[in-house]
Amino acid sequence: MLAYLIRRLFAAAVMLVVIIMVVFGIFFLVPKWAGVDIATSFVGKQADPAAVEAVRQKLGLGDPIYVQVWEFFKGIFTGRTYAAGGDVTECAAPCFGYSFRSEQAIWPVLTDRFPVTLGLALGAAVLWLVFGIAAGVLSALKRGTVWDRGAMLVALSGVSLPIYFTGLLSVAIFDIGLGWIDAEYVPLTESVSGYFTSMLLPWATLAFLYAAMYARITRATMLEILGEDYIRTARAKGLREGVVIRKHAMRSTMTPIMTMLGMDLGALIGGAILTETTFSLPGLGQAVLNAIKTQDLPVILGVTLITSVAVLIANLVVDVLYAVIDPRVRLA
């Protein structure tokens with residue numbers, strides 16, 4: 001198990017370096033090939049030439065691309081100093097860049113908004129795992145019944161309906177109409193009960209979409225596994241149906257679910273843009289949407305890197321869970 005974990009950690013570290021190089025190249029090298037002045041994008045098209053040249057010098061945009069990548073990578077661990085003449089800007093480690101639109105480093109922006117997005121992703125993940133897996137298993141065990149058809153109809157609705165529709169509909173019904181839930185966001189540091197109350201609708205809306213997909217994949221996987229020889233052998237040995245399902249069928253069913261969870265949770269930690277916009281949550285998704293509107297490239301770059309790292313870490317956790325669920329994976 002230790003050797004397996006070391007191999008996965010080494011692969012994750014290499015992938016992290018590759019991600020930083022690729023993302024940096026997309027934001028700084030590709031626009032240069034297309035003839036776009038990156039310095040102008042940082043300060044805005046209405047900026048005077050002197051301001052554009054100052055930003056070009058402070059960011060080192062005139063240096064070779066490998067020098068820029070190295071300075072950016074080094075800044076994550078040691079911090080960075082942006083200097084042009086007498087104008088000096090310090091960016092403490094970890095430095096993910098500096099926004100000349102908002103005149104602030106990117107890392108504090110990410111850390112301020114990250115807890116909101118993390119809470120949204122984790123809360124929704126718990127809901128969609130519980131309800132999605134339960135609905136999928138029951139549908140597989142009661143194949144062809146009214147429960148099966150009804151659950152799959154709800155799942156199809158969840159996949160088909162966009163989040164901004166179900167989100168606004170839930171606000172209209174439970175907040176504005178019935179007044180049961182106050183959808184205005186309350187930070188966890190202000191009130192624990194207020195936080196959970198304000199997050200119920202975002203969690204439920206986001207979970208409704210993903211629970212539908214998890215229910216369908218769980219049902220399909222469970223139906224396939226229930227036809228396997230080892231399941232029939234377990235039943236022939238006289239094991240109770242609950243033991244067969246829980247200790248044999250569910251163990252194999254969890255593998256594709258873990259794969260989906262690693263990808264979905266990692267992507268959501270990078271920002272659930274539609275959900276955060278619908279419910280006015282001050283998370284990473286809303287930050288990157290505002291940055292796109294104002295063409296604030298450093299913020300977009302920072303959120304992109306955070307998303308990539310989140311997906312990488314989530315998949316690393318999934319690899320470890322694979323080894324726990326199926327010990328044969330450790331030999332791979």
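**Exercise 1. Which residues do ring pairs link into a cluster in this predicted model, and what geometry does the pair of Y195 and W203 have?**

Solution. 
Step 1. The cluster consists of Y185, Y195, F196 and W203, linked by ring pairs.
Step 2. For Y195 and W203, the ring centres are 6.1 Å apart and the planes stand at 80 degrees. Edge-to-face requires planes over 60 degrees apart, so this pair is edge-to-face.
Step 3. Burial is decided by the cut-off of under 20% relative accessible area. Y195 has 8% relative accessibility and therefore counts as buried. W203, at 9%, counts as buried too.

**Exercise 2. How many aromatic pairs does the structure hold, and how is the pair of W128 and Y214 classed?**

Solution. 
Step 1. There are eight aromatic pairs in the structure.
Step 2. Between W128 and Y214 the centre-to-centre distance is 5.7 Å, with 40 degrees between the planes. Planes under 30 degrees apart would be stacked and over 60 edge-to-face, so a value in between is tilted. The pair of W128 and Y214 is tilted.
Step 3. W128 belongs to helix α6 and Y214 to helix α9; the two are 86 residues apart, and the pair links distant parts of the chain.
Step 4. W128 counts as buried because its relative accessibility is 0%. Y214 also has 0% relative accessibility and so counts as buried.

**Exercise 3. What is the volume of the largest pocket, and which element gives the most to its lining?**

Solution. 
Step 1. The volume of the largest pocket is about 220 Å³.
Step 2. Its lining has 13 residues, of which F131, V154, F208, A211 and A212 are the closest to the centre.
Step 3. α6, α7 (146-160) and α9 each give two or more residues to this lining. The most comes from α9, with six residues.
Step 4. By class, the pocket lining has twelve nonpolar residues, one polar and no charged.

**Exercise 4. How many cavities of 30 Å³ or more are counted, and what lines the largest cavity?**

Solution. 
Step 1. The count is one cavity of 30 Å³ or more.
Step 2. The largest cavity has a volume of about 130 Å³.
Step 3. It is lined by 14 residues; F28, L59, F72, R80 and Y82 are the closest to its centre.
Step 4. Two or more lining residues come from each of α1 (2-28), α5 (65-78), β1 (80-84) and α14 (297-325).
Step 5. The cavity lining divides into eleven nonpolar, two polar and one charged residues.

**Exercise 5. Where is the cis peptide bond, and which residues have a positive phi near 55 degrees?**

Solution. 
Step 1. The cis bond joins A93 and P94, with omega about -5 degrees. P94 is in the loop between β2 (87-91) and β3 (98-99).
Step 2. S280, a residue other than glycine, has a positive phi near 55 degrees. The loop that holds S280 runs between α12 (273-278) and α13.
Step 3. Q295 follows α13 and has a positive phi, near 55 degrees.
Step 4. Within helix α13 (residues 284-294), the buried residues are L284, G285, Q286, A287, V288 and A291.

**Exercise 6. Is D229 buried or exposed, and what distance separates its C-alpha atom from that of G167?**

Solution. 
Step 1. D229 lies in helix α10.
Step 2. The cut-off for exposed is over 50% relative accessible area. D229 has 52% relative accessibility, so D229 counts as exposed.
Step 3. D229 and G167 are 62 residues apart along the chain, and 44 Å separates their C-alpha atoms.

Methods
Residues numbered from 1 in each chain as written. Predicted model: local features only at pLDDT ≥ 70, side-chain atom pairs only at ≥ 80, totals over all residues. Heavy atoms only, no water. 1 Å grid on protein atoms, 1.4 Å probe; cavity = no way out; pocket = protein on both sides within 12 Å on 5 of 7 lines; lining within 4 Å. Points joined across faces, edges and corners; volume = space filled by probe spheres on them. Helix = DSSP H or I, 4+ residues; strand = E, 2+ residues; numbered from the N terminus. Nonpolar A, V, L, I, M, F, W, Y, C, P; charged D, E, K, R; others polar. Phe/Tyr/Trp six-rings, centres within 6.5 Å; stacked < 30°, edge-to-face > 60°. Buried < 20%, exposed > 50% of the residue type's maximum accessible area, 1.4 Å probe, protein only.
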